[in-house]
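Trainee: Could you walk me through this one? I have the sequence and the coordinates open.
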Amino acid sequence: MIQITGGPIDVSDVLASVADQKAGASVHFIGTVREEPGIKGLRYEYYKGMTEKLLCEIVEEAKKRSPLRKVSVVHRVGWVPIGEVSVVIAVSSAHRHEAFEACRFLIEEIKQKVPIWKRNLPVVPITGVILAGGRSSRFGSNKAFATYEGIPLIDRVVNVMSPLFQKLVIVTNNPAEYERLHLPLLRDLEPYKGPLGGIYTALRQTSNDTLFVVGCDMPLLSEEVIRKIIEQGKGADAAVPVWENNREYLMALYSRRLLPLFGRFLREGRLSLRGLCGEVNNIVWVPIDGKLAWNVNTESDLQKLEATDVIGPL
């Protein structure tokens, strides 16, 4: 088993994968993100393709050096919180000396040669908000849990958002569905009133004066574009990304000063974010690369995403 994964590693599966009746010894190494001052976790990035190739070469070299029975290497990429596992290496062999030596060789070679690097990102002192309260009527099921390369769409969004924000919350009509993400969950104050209702809920129930809001269905969400929107939106009531003739209101910055306007729109039954932002005077339009705002509304959107292979390193 040689694997790069964007989700949690099942350590028991990795250890079980090297079980062998002809092995007299098995040794494993488990790397975890340790607690340090000012660190919420680490983001692991990698070069897709090259990383997998080098891992295979290192495993083959370990097998040449020692008569091993089985070898497994699983490395996690993306956002890894404190205390969670980032890498597991397991080997089995006839004798313990060979297993110990191979395990040490593997982790040292991986650290030195494989293009996986970790980043501790500066935290943005505002609240990040993920909207997950829609009916997903066009998708047919809860699109937050639709997967791309085995990773649910909402997990991809959380992986990008978690290390960036002082506080990250999810607004939803079904909190129980998202408990596994271990994030604060806000029940929508205006159920099924669309994104406008979700943003209203976040403005009412969070403490920071500024929110950065995204939908749960944005697999190409980028740390760099988020920071760009926040930087250019300083002092504004809203900052919205634009490309060509498009505007993305669900990857945008909103100020608490807009709370009365959100409340008025809801009372009047006007649920358009486009219409609301049309009444905001102090708004910044931030040019971005359009593909970064890709969202998944239908099964065909997801199929198109899978066909384009546009996602870069996690």
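Trainee: Which residues does I226 touch, leaving out those up to four places away in sequence?
Mentor: Bearing in mind that this is a predicted model, I226 touches V160, M161, L164, F165, F212 and L221 once residues up to four places away are set aside.

Trainee: And what core is I226 part of?
Mentor: I226 belongs to the largest nonpolar core, which has 34 residues, and it is listed with I130, I154, M161, F212 and M251 as having the most contacts inside that core. At least two core residues each come from several elements, including β8 (124–131), β13 (210–215) and α6 (223–232).

Trainee: Which element gives the largest share of this core?
Mentor: That is α4, with five residues.

Trainee: Switching to the helices, how do α2 and α3 cross?
Mentor: The axes of α2 (residues 50–65) and α3 (residues 96–113) come within 10 Å and cross at roughly 150 degrees, and the crossing is right-handed. On the α2 side the contact includes L54, L55 and I58, while α3 contributes F105, L106, E109, I110 and K113.

Trainee: What does its side chain pair with?
Mentor: The side chain of D237 is joined to that of R257 by a polar contact of 2.6 Å, and D237 also touches other residues, among them L253, Y254 and N282.

Note on methods: Residues numbered from 1 in each chain as written. Predicted model: local features only at pLDDT ≥ 70, side-chain atom pairs only at ≥ 80, totals over all residues. Heavy atoms only, no water. Core = buried A, V, L, I, M, F, W, Y, C linked by side-chain atoms within 4.5 Å. Buried < 20%, exposed > 50% of the residue type's maximum accessible area, 1.4 Å probe, protein only. Helix = DSSP H or I, 4+ residues; strand = E, 2+ residues; numbered from the N terminus. Contact = heavy atoms within 4.5 Å. Axes fitted to C-alpha atoms, helices over the stretch in contact; angles between N-to-C directions. Left-handed = near helix turned anticlockwise from the far one by under 90°. Polar contact = N/O pair within 3.5 Å; in protein donor to acceptor, adjacent residues only side chain to side chain.
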